[in-house]
Amino acid sequence: MIILGINCVFHESSAALIIDGRVVAAAEEERFNRVKHAKRASVDTADVLPVQSIAYCLDSVGLTPGQIDRIACSFDLDLRRTTFEVDPLSTSGDWGSAEGEALFLQSLARVPEAMSTLLNTDLTDRFRWVPHHLAHAASAFYPAGDGHAAVMVVDGIGESATALFGGGHGTTMAKTGELRYPDSIGFVWEKLSDFLGFSPYDASKVMGLASYGDGGRFAEAMADLTGADGKVAVRSEEFKFRLPDFHDLEARFGARRLRDAPIEQRHMDVAAALQDWNNRVILTLAEHAYDLHPASTLCYSGGVALNCTTNWLLKEKGPFSDVYIPSAPHDGGTAIGAALWTYFEAGDQEHPDPAEPDTPYTGPEFRDEEILAAFAAAGLRPERSADVAEEVAGRVAAGAVVGWFQGRMELGPRALGNRSLVADPRDPGMRDVLNRKVKHREDFRPFAPSVLAERAAEWFEMGRWSESYRFMLFTCPVRPERAERIPAVVHTDGTSRVQTVSVRDNPRYHRMISCFEAITGVPMVLNTSFNDSEPIVCSPSDALATFAGTRIDAVAVGDYIASR
């Protein structure tokens, strides 16, 4: 059975192709169209499809539209129609208003026809709507390989719910509970990210900023706004999620920070209070999920599942012995989830084999002739390396920042060793070099280590093991006796956002890190996404354009290397 999954309704538009229950291709549209989040999440853009992602998925295995058995979209039109409630704190014609909802439903209803038009085939009878949070849940539940796991999804909003609880029964899932708007943890993050002078999508920046703050300063205000003792009870009349109004928040936290204004200690303290609240509430929700469906494994998804600080506490202090989070827990992963849900909905398929772990490397890869053509178009003459892993390791050990572009592109917001910038974690000045001269971003933002899986516990306090360590989704305490040797990847709170790398998952990346260890005695490299205020690079041309526009020292694309 061949199923094409799509996510197109809000943001992080994506497509995925599932053949007989296995993910054979998946990618986010932003990587192709070079627009962050792929498109603006407006009430009238649900039918703006991930055109290039869909084309990639079909072309990657040589399929024609007529061979598709089902198309699964990660949103449910009928569920939205029956559960939507007008938000009195909204702008006419925009999200939450009656007029805006009418436009949204019209746009949603056009999606099946838009797919048929795009693929020049009448696909309306093969089209399936999948509830948004079930798509999130499926993206974690099926790859985890535990047919009895509990499920938790936490994000901004789906059709009307803001969180889902459930559990597995073989190849089926049952919903056991949910939270509803306005009790939205994701929307609290979006609004306060905006309040702190970032974009609503910049929760990761706020998470990094929180480590510099004192959460106690505004703890009482946060509890009053969002609920005490881990309960979610959001004062929507003060947050005004759907209005550009910050007056009530300013009454509690002081003046809103404007974009590019200096960051004050007060801003750090607000971020810290938000992070502390998130820690408490997710642990409380996990206890609730366990009570509803006792299990050893929790499959966790939704945009809030990208919070690495909370994820560590959930893994260590939560009621589950194992926590699995996919590489793309945000909306970009719901294309996979919608397709998997549709495939397993019949209930007669076998659960995926846990001995074959899922891979984040589901995007495009490029042949040598395509790589050389890109170098030629950029006016560069690369050298072919006899051993690119060894050569790049040597350059990094000598202080170079190298663009590392290999194999199939990762799915998800984190670069995991195929579209990465790599550097020396031993260099105390490397973080400033990368933030100011390469990434052009805020100085407070930390960088992550990619560490050999077999050596990780020698350098970091790994706690309970999780397969999701492969996806850079947990911040771990750095062992104190090791911290001085890797200052570039140690955050101000003494933690690192660790990605483990094994031979099984990424043999070439593992070899490069092993070569670096042979030179330096340190079994890791600094890893950050290969981009500069843009989506992570997708093609060799993207990589070489970013190389030309930054102060990266060298770029390795496949076996070919070019130097500054």
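Modeller: Contact here means heavy atoms within 4.5 Å, and the model under discussion is a predicted one.

Biologist: Against which strands do the buried residues of helix H17 pack?

Modeller: The buried residues of H17, which spans residues 430-438, are Met430, Arg431, Leu434, Asn435 and Val438. Because they cover an arc of only 130 degrees around the axis, they lie on the same side of H17. The strands that these buried residues of H17 pack against are S13 (419-423) and S17 (524-529).

Biologist: How many of the residues of S13 are buried, and which of them point the other way from Arg419, Leu421 and Ala423?

Modeller: Strand S13 is mostly covered, with five of its five residues buried. In a regular strand the side chains alternate between the two faces of the sheet. In S13, Arg419, Leu421 and Ala423 point one way, and the residues that point the other way are Ser420 and Val422.

Biologist: Which residue of S17 is the bridge partner of Ala423?

Modeller: S13 pairs with S17 in the antiparallel sense, over four bridges. Within that strand pair, the bridge partner of Ala423 in S17 is Leu526.

Biologist: And which residue of S13 is the bridge partner of Val402?

Modeller: Strand S12, residues 402-405, also pairs with S13 in the antiparallel sense, over four bridges. For Val402, the bridge partner in S13 is Val422.

Biologist: What is the phi of His440, the residue that follows H17?

Modeller: His440 comes after helix H17, and its phi is positive. The value of that phi is near 50 degrees.

Definitions and conventions:
Residues numbered from 1 in each chain as written. Predicted model: local features only at pLDDT ≥ 70, side-chain atom pairs only at ≥ 80, totals over all residues. Heavy atoms only, no water. Buried < 20%, exposed > 50% of the residue type's maximum accessible area, 1.4 Å probe, protein only. Helix = DSSP H or I, 4+ residues; strand = E, 2+ residues; numbered from the N terminus. Arc of directions from axis to C-beta. Pairing = 2+ DSSP bridges.
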